[in-house]
Number of protein chains: 2
Amino acid sequence: MIRYRKQIEDALTACMDRPMLLPQLREQMAYSLLGGGKRIRPSLCLAACEMLGGDIKEALPFACALEMIHTYSLIHDDLPAMDNDDERRGKPSSHKRFGEANAILAGDALLTYAFWILNAVRGHEPAKSELSYAALAMVEGQSLDLADSAADADLLFEITRKKTGALFTAAVLTGGLVAGCDDDQYQCLNRFGEAFGILFQMADDRQDREQDAAIGKKTLLTCYGKERAQAEMAALSAEAFAALAPFSGQAADYLRGLTAALAENGKWKVES
Amino acid sequence: MIRYRKQIEDALTACMDRPMLLPQLREQMAYSLLGGGKRIRPSLCLAACEMLGGDIKEALPFACALEMIHTYSLIHDDLPAMDNDDERRGKPSSHKRFGEANAILAGDALLTYAFWILNAVRGHEPAKSELSYAALAMVEGQSLDLADSAADADLLFEITRKKTGALFTAAVLTGGLVAGCDDDQYQCLNRFGEAFGILFQMADDRQDREQDAAIGKKTLLTCYGKERAQAEMAALSAEAFAALAPFSGQAADYLRGLTAALAENGKWKVES
């Protein structure tokens, strides 16, 4: 169901093949970056670019940067001082594999490298700014999450909007901006990204709901309860579809298909 | 001895005053960023810009980004999994004050915010690229440092060049590039930055030599021994002066003064 997979994997692999990178650090970065994942954020970026008539080659640096920023956040979130997760995508998490100090550095390096790649691109300041802003919002979301374990639904929504939603929104906005979207199109992409991001998190939580319930983890799903959660997901899905209404073509249909799959939690298995 | 202090402090304070930042994260970022420090990297950036006839206002975003990147690296280096330092600049280190998870996030946020500030600047891609490259080299230096505790002088030099030197070099290069330096001037700034960075680290090590000797810490100084260290510092100082030879005016004299102070370790107390 993921489009553009080959372009994305090839571009990420090419990023990690640069001889300038210190071999040991490259190995640690590549272990997490090239270790699987659905590449959903870069796919959204390329789809938005194509949908707006842009050249997806121009969006590829942004797609790669998005995945690097997402990957660095997973490495740091998994650290013992944070979520203390020993596994990620079916293999040892970065700090389990390389030790805590190296995992901190691998995350720092991926974040830095993402910006190095962006800064090698001429122009496109609004798209770069959008992505940096989202990366900062993501840290804010994590900070809010750390600070309050007794979160209510409103705070959990705010955490989700920042921690997960911001990067999804940046994914479609950067793709659209690279394609030269106008203000109206920007607003549509923004609406779509915001709805899609929350929907993604709720679909993800739905997959983990038994596990989360067992450890007493609060999610939007557990806060809302089953009925309200279903209603919220339907509303988010409707919002995402409405935002896509002005667009047609294969890429638009692809974004509609992803939205439908998340809402139904059907054929498409959601992985982070 | 530090010029431009008021401009730098005002600019950094203004960065931290943006209402968009989540208050708790802003407090944690500001605790380390506004908590003292000689602001030597931003001063070098502004001096290089002024020396090349540029407008230092244009270099200020780069100066701020340099200090943020330096500060994030201190926060992460101090973490228990890294150097495990309880104090920084005479007060508790970030993780001692806010806990380890928040310190990781404060560092992540400062690094991200540095790039957000750069990405809000139009153009100047070569300067932005230079700074991202240096930020990556810094992580590589730290990675090398972690990997080999039995480092010889050559490896220690390489570690110092990346971990400390790269950001000093980027400081003068970004200042020069913002001012529109030509290729010859770029090469001079590069030579100056590389020599100055190593000299800075050796002067810093000289201040800590008794403490380092007590804990058996290897530095370029302990590796070289007193006589060779003095000769190396004299050579680095001569190299830095030679690189500055084409330049005149107050800003050039300021850079010469800093170099002389490092070489003599005299009136100017070096702090990181």
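**Figure 1. Helices α3(B) and α8(B) are roughly parallel to each other, because angles under 35 degrees count as roughly parallel and their axes cross at roughly 30°.** The structure shown here and in the following views is a predicted model. Helix α3 covers residues 40-51 of chain B, and helix α8 covers residues 153-178 of chain B. Their axes come within 7 Å, and α3(B) passes α8(B) in a right-handed crossing. On the side of α3(B), the residues that meet α8(B) are Ile40(B), Arg41(B), Leu44(B), Cys45(B), Ala48(B) and Cys49(B). Their partners in α8(B) include Leu167(B), Phe168(B), Ala171(B) and Val172(B). Sorted by class, the residues of this contact of α3(B) with α8(B) are ten nonpolar, three polar and one charged.

**Figure 2. Helix α6 of chain A packs against helix α6 of chain B.** In general, two packed helices are described by the angle between their axes and the distance between the axes. For this pair, the angle is about 15° and the axes lie 11 Å apart. The helices α6(A) and α6(B) are therefore roughly parallel to each other, and α6(A) passes α6(B) in a right-handed crossing. The contact involves Glu100(A), Asp108(A), Leu111(A), Thr112(A), Phe115(A) and Asn119(A) of α6(A). From α6(B), the contributing residues are Glu100(B), Asp108(B), Leu111(B), Thr112(B), Phe115(B) and Asn119(B). By class, the contact of α6(A) with α6(B) comprises four nonpolar, four polar and four charged residues.

Figure 3. The size of an interface is often given as the accessible area lost when the parts come together. In terms of contacts, 42 residues of chain A touch 42 residues of chain B. Of the interface residues of chain A, 100% are also interface residues in chain B, so the copies meet through the same surface.

Note on methods
Residues are numbered from 1 along each chain as its sequence is written. Chains are lettered from A and ligands numbered from 1 in the order in which they are written. This is a predicted model: local features need pLDDT of at least 70, side-chain atom pairs count only at pLDDT 80 or more; totals for chains, interfaces and linings use all residues. Side-chain values use heavy atoms; hydrogens and water are left out. Axes are lines fitted to C-alpha atoms, for helices over the stretch in contact, and angles run from 0 to 180 degrees between N-to-C directions. Helices (H or I, at least four residues) and strands (E, at least two) are DSSP runs, numbered from the N terminus. Angles under 35 degrees count as roughly parallel, over 145 as roughly antiparallel, 65 to 115 as roughly perpendicular and the rest as oblique. A crossing is left-handed if the near helix is turned anticlockwise from the far one by less than a right angle, and right-handed if clockwise. Contact means heavy atoms within 4.5 Å. Ala, Val, Leu, Ile, Met, Phe, Trp, Tyr, Cys and Pro count as nonpolar, Asp, Glu, Lys and Arg as charged, and the others, Gly among them, as polar.
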